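The following questions and answers examine a single protein model. Please consult the sequence and the structure while reading.

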Amino acid sequence: MVDEVLSRAGSRRVHEIRLQVGALTAVVPSALEFCFDLVAAGTVVEGAKLHIDLTPGRAACRSCGVSF
């Protein structure tokens, strides 16, 4: 994620990042925040606020197409 932001930001300072994480991805938001600070250190992303929006899981029945 940080590499992608760096490729788009160039030398411009990044102040915040908004990230959507699906509830079924097994990503632990607190672990992501901890790792983010470590990976961002020494880059234009350092000190940026990471906003994590958890999105609910979704599925669809293959037989009838009902989403739930």
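Q: How many salt bridges does the structure hold?
A: In this predicted model, Glu4 forms a salt bridge with Arg8, their closest N and O atoms being 2.8 Å apart. Side chains of opposite charge can pair when their charged atoms come close. The number of salt bridges in the structure is one.

Q: In which helix do Glu4 and Arg8 both lie?
A: Glu4 is partly exposed, with a relative accessible area of 44%, whereas Arg8 counts as exposed at 63%. The two residues are four residues apart, about one turn of the helix. The helix in which both lie is H1.

Q: Which element gives the largest share of the largest nonpolar core?
A: This core has 13 residues, and Val14, Ile17, Phe36 and Val45 touch the most other members. Two or more residues come from each of helix H1 (2–9), strand S1 (16–22), helix H2 (29–40) and strand S2 (49–55). The largest share, three residues, comes from H1.

Q: Which residues does Val66 contact, leaving aside neighbours within four places in sequence?
A: Val66 is placed in the segment after S2. At 47% relative accessibility, Val66 counts as partly exposed, because this class lies between the limits of 20% and 50%. With sequence neighbours within four places left aside, the contacts of Val66 are Ala59, Ala60 and Cys61.

Technical notes:
Residues numbered from 1 in each chain as written. Predicted model: local features only at pLDDT ≥ 70, side-chain atom pairs only at ≥ 80, totals over all residues. Heavy atoms only, no water. Core = buried A, V, L, I, M, F, W, Y, C linked by side-chain atoms within 4.5 Å. Buried < 20%, exposed > 50% of the residue type's maximum accessible area, 1.4 Å probe, protein only. Salt bridge = Lys/Arg side-chain N within 4 Å of Asp/Glu carboxyl O. Contact = heavy atoms within 4.5 Å.
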